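Visitor: Hi! I'm new to this one, could you walk me through it?
Guide: Happy to, let's bring it up.

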Amino acid sequence: MTKRVFSGFQPTGHLTIGNLLGAIRPAVQLQDEADCVYAVVDLHALTVRHDPERLRARTREAATLLLACGLDRSLVYIQSQVPAHTELSYLLESTAYFGEMRRMIQFKEKSAGQEEVRLSLLTYPALMAADILLHRTDLVPVGEDQRQHVELTRDLALRFNRLYGETFTVPEAVHPRVAARVMDLTTPTSKMGKSNGSTAGTVYMLDPPADVRRKVMRAVTDSGTEVRYDPQDKPGVSNLLAVLAACSGRPVESLAHETYGALKRDTAEAVVETLRPIQERYLELSADPAELSRLLAAGAARAAERGAGLLAAAREAIGLP
Ligand code: AMP
Ligand code: TRP
């Protein structure tokens, strides 16, 4: 049977090459063999302090970028335009335990030392589970950092099914072979993230070529001079090798460079070439905002239609009239 695929992208900031290589590219590849649905999960972006106008703009930018990356053969929509997500999320909050939510690594990291932790940051994995389960998803292409949330989704699906009868499909995470975790260029021991404030170490998908080159050329490399893939001892060099491998489609083992400088130049060019067609398509799509709005509204309508049966089944199973 054709597998069903779902993944979500948070518009908390501009999308990065971490998003592209860790999740979007693998998603583009799955399109030919599976039934794919991708959402810009704007409700998830409300879990941390945000600016309403900026959120709206970034949501639209992210949706346009997903289409520009080649996901236009899939169903692409904006999460908040499909109310079934929040409705199902409540049923899953009523299946989940406080203890398991509190133990999520991402919650612990994002809430550490904060005075004002939004309640939605704690319950966020229930909404993510709803996103996935709504579409009876088999496979969830995500970067490594989301593994724990997909595990929790499986636990919730199994628990709900056991308590109230077979309702949900139990999904599985899929990670890319290389670049499942693209690291920050200036701090190669932490993940490249759109909202971690490290603009020098983050390459955004809409960065002009000059910016990409500058950021990659200034990437922190390791002591020594040998170019070798060894994430433990050589995190900086290994990160560049992984990015180059993912962008060029060549295995890491086949990449040979004499110097750090040569590796950086090749990596910079590979990233620029990977981004070029995406940026061109982004400009084309942005030139017709009315058409874009129509596309996204049509996507949301189709998503709502697809999810209606599952939502009705879950409501019925849990005892709602
Ligand atoms: P987020 O930006 O957190 O909404 O993530 C959207 C998708 O991109 C998720 O599947 C993440 O796992 C993936 N992702 C985000 N940052 C990275 C990164 N630095 N390396 C690999 N995948 C990433
Ligand atoms: N939590 C994910 C992230 O931060 C985004 C996300 C929300 C997601 N819902 C999803 C990913 C459903 C996959 C499936 O990256």
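**Strands and a ligand**

Guide: A place to start is Phe6, whose bridge partner in β2 is Val37. Keep in mind that this is a predicted model.

Visitor: Okay, and how many bridges join β1 to β2?
Guide: Seven, and the two strands run parallel. Strand β1 covers residues 3-9.

Visitor: What do β1, helix α1 and β2 make together?
Guide: They form a right-handed β-α-β unit, with helix α1 at residues 17-30.

Visitor: Which strand does β2 pair with over four bridges?
Guide: That's β3, residues 75-78, and the pairing is in the parallel sense. For instance, Val40 has Ile78 as its bridge partner in β3.

Visitor: Why is β2 largely enclosed by the rest of the structure?
Guide: Because six of its seven residues, within the stretch 34-40, are buried. Buried here means under 20% relative accessible area.

Visitor: Switching topic: how many residues surround ligand 2?
Guide: There are 13, and the closest are Gln10, Tyr124, Met128, Asp131 and Gln146.

Visitor: How much of ligand 2 does the protein bury?
Guide: The protein buries 90% of the 360 Å² that ligand 2 exposes when taken alone.

Definitions and conventions:
Residues are numbered from 1 along each chain as its sequence is written. Chains are lettered from A and ligands numbered from 1 in the order in which they are written. This is a predicted model: local features need pLDDT of at least 70, side-chain atom pairs count only at pLDDT 80 or more; totals for chains, interfaces and linings use all residues. Side-chain values use heavy atoms; hydrogens and water are left out. Buried means under 20% relative accessible area, exposed over 50%, partly exposed in between (1.4 Å probe, protein chains only). Two strands pair if DSSP finds at least two bridges between them. A crossover is right-handed if, with the strands pointing away from the viewer, the path from the first strand over the helix to the second runs clockwise. A residue is near a molecule or strand if one of its heavy atoms lies within 4 Å of it. Accessible areas come from the Shrake-Rupley method with a 1.4 Å probe; for residues, only the protein chains shown count as cover.
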